[in-house]
Amino acid sequence: MRDEMNAETNLIQIVGEDLCKQLVNRKLAFDAIQDVFSAMARGGARNFPVIREGLGHAGAVYGFKSGFDAEGLVLGVKSGGYWPGNTNRGLTNHQSTVILFDPDTGQPSALVGGNYLTAIRTAASSAVSIAHLARTDAKVLGMVGAGHQSAFQLRAAAEQREFEKVVAWNPHPEMLPKLAAVAQDIGLDFESVSQRELGAQADVIITITSAFEPLLMRDWIKPGTHLACMGTDTKGKMEVDTELVASAQVFTDEVAQSVTIGEAQHAVASGALDPDAITPIGAVINGDHPGRTKADQITLFDGTGVGLQDLAVASVAARLASEAGLAGTVRL
């Protein structure tokens, strides 16, 4: 009976937030996200339907993202959400945890902190889009949003092109000095500008807000701009106007999420954008789609945030923690 009990209990790795920060850098995150987007486009990895619900408590939104990468043999779920009051508690508003499972047995294999990994995988996602879609001569990076995630976005983006300057706008301008300090740290000039001026200057624009109304209009965006819209991940959210989305060549992490909870949801719902015109970024990575075809083309990446992104970086953290003998363990 004891042997049967031991066979049924499994050892679970515990990989905390500090360990994730120690082990998973931007390069590892970029490679993991690029690989999983590639696998998704080949049909070798798939996301399961997202659950996101308002709790009716603390203004929080809570949900689950899950999926299975059959090529990398990664199975799991990220559970968490957004608590708007956390800033006043000295916590990040986004809180999440990833549970990885053995795809052969269904047993849990690792419990991984998801806060840092969510930030770095989201930044890696926009960075992948910049690497594959932005003009090679892009010099000015525009940042719309200056919250916790923006610093991750800025650092990841700066590694993809030879940017010389950052122009930024935030609905709460008092938050911009922190982003300016990040730009200064990586050797880039920084200017706080209006939304219209941001569009006039920027070659690449990252939007990373929780807005429910357009912050950028089509007429403000110059030809040849690449936009990475990273904040819209829930029904009703919106960062850019539908005319801008409809006039751009649109790419995304996953079309099913893009048209339902992503930036493209409004343009699709209004009939301004055909869902068939949206291209998975993995198709560009795999060489099945040319990506940008003209220098003056406006390209837009709708980064909705898929569960496979979280599982990809969590599996890297778990593997490296195991190899280094750093993970805690518990039997279930």
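This is a predicted model: local features need pLDDT of at least 70, side-chain atom pairs count only at pLDDT 80 or more; totals for chains, interfaces and linings use all residues.
Figure 1. Glu323 is exposed, having a relative accessible area of 57%, whereas Arg319 is partly exposed at 41%. The pair belongs to a set of twelve salt bridges that the structure holds, and side chains of opposite charge can pair in this way when their charged atoms come close.

Figure 2. Lys27 counts as exposed, because its relative accessibility is 53%, while Asp31, at 26% relative accessibility, counts as partly exposed.

Figure 3. Lys78 forms a salt bridge with Asp310, and the closest N and O atoms of the two are 3.1 Å apart. Lys78 lies in strand β5 (residues 74-82) and Asp310 in helix α12 (residues 307-323), so this pair ties together parts of the chain that are 232 residues apart in sequence. Both Lys78 and Asp310 are buried.

**Figure 4. A network of charged side chains.** Four residues, Arg135, Asp137, Asp203 and Lys222, are linked to one another in a network of salt bridges.

**Figure 5. The second largest pocket, with helices α3 and α12 in its lining.** The volume of the second largest pocket is about 270 Å³. Its lining is made up of 17 residues, and those that lie nearest its centre are Ala32, Asp35, Ala312, Ser315 and Val316. The elements that give two or more residues to this lining are α3 and α12, and it is α3 that gives the most, with seven residues. Rolling a probe the size of a water molecule over the atoms shows where empty space of this kind is left.

**Figure 6. An open sheet of eight parallel strands.** The eight strands of this open sheet follow the order β10-β9-β8-β11-β13-β17-β15-β16, and their pairing is parallel. At the edges stand β10 (189-192) and β16 (279-280), each with a single partner strand, so that one side of each is left without a neighbour in the sheet. Within the sheet, strand β8 (residues 140-144) pairs with strand β11 (residues 204-207) in the parallel sense over four bridges, and Leu141 has Val204 of β11 as its bridge partner. Strands of a sheet pair through backbone hydrogen bonds, either parallel or antiparallel.

Figure 7. Helix α4, which covers residues 115-133, lies across β11, β13 (226-229), β15 (249-252) and β17 (299-302), and it runs at about 160 degrees to β13. In helix α5 (residues 148-158), the buried residues are Gln149, Ser150, Gln153, Leu154, Ala156 and Ala157. These buried residues of α5 pack against α3, α4, β8, β9 (165-169), α6 (176-185) and β11.

**Figure 8. Strand β7 and its partners β1 and β6.** Strand β1 (residues 11-15) runs parallel to strand β7 (residues 108-113), and three bridges join the two. Val15 stands opposite Val112 in β7. Strand β6 (residues 94-101), by contrast, pairs with β7 in the antiparallel sense, over five bridges, and here Val112 of β7 is the bridge partner of Val98. The hairpin of β6 and β7 has six residues between its strands, and in this hairpin Gly106 takes a positive phi near 80 degrees.

**Figure 9. Gly85 in the loop between β5 and β6.** The loop that runs between β5 and β6 contains Gly85, which is partly exposed, with a relative accessible area of 27%. Gly85 and Glu254 are 169 residues apart along the chain, and their C-alpha atoms are separated by 30 Å.

Note on methods. Residues are numbered from 1 along each chain as its sequence is written. Side-chain values use heavy atoms; hydrogens and water are left out. Two strands pair if DSSP finds at least two bridges between them. Contact means heavy atoms within 4.5 Å. Axes are lines fitted to C-alpha atoms, for helices over the stretch in contact, and angles run from 0 to 180 degrees between N-to-C directions. Buried means under 20% relative accessible area, exposed over 50%, partly exposed in between (1.4 Å probe, protein chains only). On a 1 Å grid over the protein atoms alone, a cavity is a set of points where a 1.4 Å probe fits but cannot get out, and a pocket is an open set with protein on both sides within 12 Å along at least five of seven lines; lining residues have an atom within 4 Å of a point. Grid points are joined across faces, edges and corners, and a volume is the space filled by probe spheres set on the points.
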